[in-house]
Each structure stands twice: as C-alpha cells, then as structure tokens.
Amino acid sequence: MSFIWPPMLILLLAIPLGALIYLGLERRRRRRVAAYGGTAFAAGNRATAIVRLRRRITAAFTLVGLTILVLATARPQGVVSVPRVEGTVILAFDVSGSMAADDMEPTRMEAAKTAARAFVERQPSSVLIGVVAFSDSGFSIQVPTADQPLVVAAINRLGPERGTSIARGILSSLATIAAAEADPAAGYYANRSAAPTPVPEGTFSAASIVLLSDGENNQSPDPLEAAGAAADRGVRIYTVGIGSAAGTTIEVEGFKVHSQLDEPMLRQISEATGGAYYAASDPDELKAVYDTINTRLAIHPEPMEVTSLFAGAGILVLLIGGIVSLVWLGRLP
C-alpha cells in the first residue's frame, strides 16, 4: 500500500486527539451523574453501564470511519494483478520490384498494406508492432511500439524497390525482436553481438513474424537458414503468399519479367518455425490471416488508486455508527 498524497496522513494525528477529548467529556459526564445521583447509584446501576458501553461502541464507529476517510484523502493505491494480451509482432514486408504486380487488386503491395493496417487497428495497446522491409537487403522501418499511428505511417511509406532476399527480411526481423526484448527503448540499433541460446524444441516466445511476400527469392543468403535461426529463438514465422500461382508480367528497370507466387518456399519457411502458411488470393482473405497470430495472456502487477474504495468504506462505517446510535441512544453520535 502506498499513497499519492502522503502529507495528508498528518491529519491522522487529529484522530487520537479527538478520542482523548471524547474520553474527557465522558469522565466529566460521569462525575456529574455521580454528583446528582450518588456514586453507588452511578456505578451499580446496570442500565447505566449498558448505556455507557453503547456510547463507546458508537464512538468507535465514528473514529474508525473518520480514520478511513483521512486515509482516503491521501489517495491510497495498491498493486493489483492485471491480465492483458501482450507480445511482439514484426510485419516483414517484401518490397521487391515484383510486389508491383497487379495480380492482386490494385497491386500486391497495396493489398498487403491494406490488410496490415487493419491488423494494426485491431491489436490491443499491449501488443508491440514493428515494421521491417526487405528487398535485396533488410532494414527496420519502425521499431516495435504500442503507438499504432506510428506503425500505420511506417506501412504507408512502403513501396516496391529492387531484388528479393527473404533471408535478409527474416534476419532483420529477428534483430529487431532481440533488441526490443533486451531494451525496448533502444530498438533496432541496440547491441546485438551476443548469440542467443537456442530454446528447447517446441518452445515458442511471445514474438512472431508475419512475412508478406510472393516468395520469389533471388538474393543470398538461404531463406531456410534464416528460418532455422528463427526456430532457434522460438520465433514463429507466419508466411503470407502475395500473388497468384499463374503470376503476371511486370516491367523492372526496362525489362519485362514474369513474376509468380512461390508457395513451396513460403511453406518451408513457416513449417521450419512452427508457424503457418496462408495463400492470400484476395484482400478479404488476407485480412483474415491476422486473426490467427498468437500472442499471450500475461498477468502484470500494476499500481491502482483505491481512493474511492476507502471513501466508500469510511462513509459506510459512519452510516452504520449513526444508525446504531439512533437505535440505541435516540440521537446521532
């Protein structure tokens, strides 16, 4: 138990002072009774003893009620266990030139961005979301954050660029997760030199990667080696196939290139990490993919102000004391 306004606790000193004043008045009243009715009468009368006990009980209610109200003025707060969904999700976007293909309306890139924005808007504030983009290299666009407008702004900045290295996207996502877990404020630029210890098989962290790509890989290193590194860290990769098996022809730097979805590669990546593969043939299906992303329910101790509880308890005790006094003594205390 702690207090937001602890100086108000000095008012508690008035409580014992009030008790002393009450006892003094009680002794004075007893002396008057003894003077008028005789000491033997005052001491031996059973009814007088019962009335005296009732006065003390009602006075105790008053003192306890006032004590609780004084504590309420100091704004007490306690630590409560609050359940919340938490985790880290990295949206890894393929921004290679093939994502400009129009076999998804209006383009592969725009369809992926639309679904990603919808996913971000549905997440609770306790889930941290980061954005990584990869073409022939991988780089962090937005470190994991609970600030959803920042994440959406990062997604909006994405556009098709050059070649494709899926492994670079995976490794950049893992680096972003590791840095955020070690020091959330440092993000992608934190020290990542220490190699992580592989987790036991079948163990998964609360972090995951959503890899949005057409699966066409034309740059080293090997994507399956990068997937193995993710599995060692317990990070699941959910691959989302953007495009169609039939594919389409696009123009890249003046050349016409046929681009099509490489489902086998994306399936192997997801299976290697314990994730899942989804073929998103249209924007509505792509939006449904994000509902399957796993986070975890954690219990966190958090301070919570309980002033209203103390105030209510104090008023209740005073009301009980007042009712008891009216019933027993015919007056308020």
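I count two strands as paired if DSSP finds at least two bridges between them. Helices (H or I, at least four residues) and strands (E, at least two) are DSSP runs, numbered from the N terminus.

**Ground rules.** I'm working on a predicted model, where local features need pLDDT of at least 70, side-chain atom pairs count only at pLDDT 80 or more, and totals for chains, interfaces and linings use all residues. Residues are numbered from 1 along each chain as its sequence is written, and side-chain values use heavy atoms, with hydrogens and water left out.

**Whole chain.** I get ten helices and ten strands. Of the 333 residues, 38% come out buried (under 20% relative accessible area; exposed is over 50%, partly exposed in between; 1.4 Å probe, protein chains only). I then looked at contacts (heavy atoms within 4.5 Å): among those between residues at least 6 apart in sequence, 81% join residues at least 24 apart. The chain exposes about 17,300 Å², and carbon and sulfur atoms supply 60% of that (Shrake-Rupley method, 1.4 Å probe; for residues, only the protein chains shown count as cover).

**Strands 3 and 4.** I looked up strand 3 (residues 127–134) next. Seven of its eight residues are buried, so the rest of the structure largely encloses this strand. Strand 3 pairs with strand 4 (residues 138–145) in the antiparallel sense, over five bridges. A hairpin of three residues links the two, and I find Phe-134 opposite Gly-138 of strand 4.

**Cores.** My core criterion is a set of buried Ala, Val, Leu, Ile, Met, Phe, Trp, Tyr and Cys residues joined through side-chain atoms within 4.5 Å. The largest nonpolar core has 26 residues, and Leu-91, Phe-93, Val-120 and Ile-155 touch the most other members. Among the elements giving two or more residues to this core are strand 2 (76–94), strand 3 and helix 5 (148–156). Helix 4 gives the most, six residues. I checked Val-120 too: leaving aside neighbours within four places in sequence, Val-120 contacts Leu-91, Ile-129, Gln-148, Val-151, Val-152 and Ile-155. A second, separate core has 22 residues, including Ile-177 and Tyr-277.

**Surface patch.** I also found Ile-4, Trp-5, Met-8, Ile-10, Leu-11 and Leu-13 making a nonpolar surface patch of about 590 Å². Patch residues have over 30% relative accessible area and no salt bridge; like charges are joined within 9 Å, nonpolar side chains (Val, Leu, Ile, Met, Phe, Trp, Tyr) within 5 Å. A salt bridge is a side-chain nitrogen of Lys or Arg within 4 Å of a carboxyl oxygen of Asp or Glu. Leu-11 sits in the loop between strand 1 (2–3) and helix 1 (14–37), and I log Leu-11 as partly exposed because its relative accessibility is 41%.
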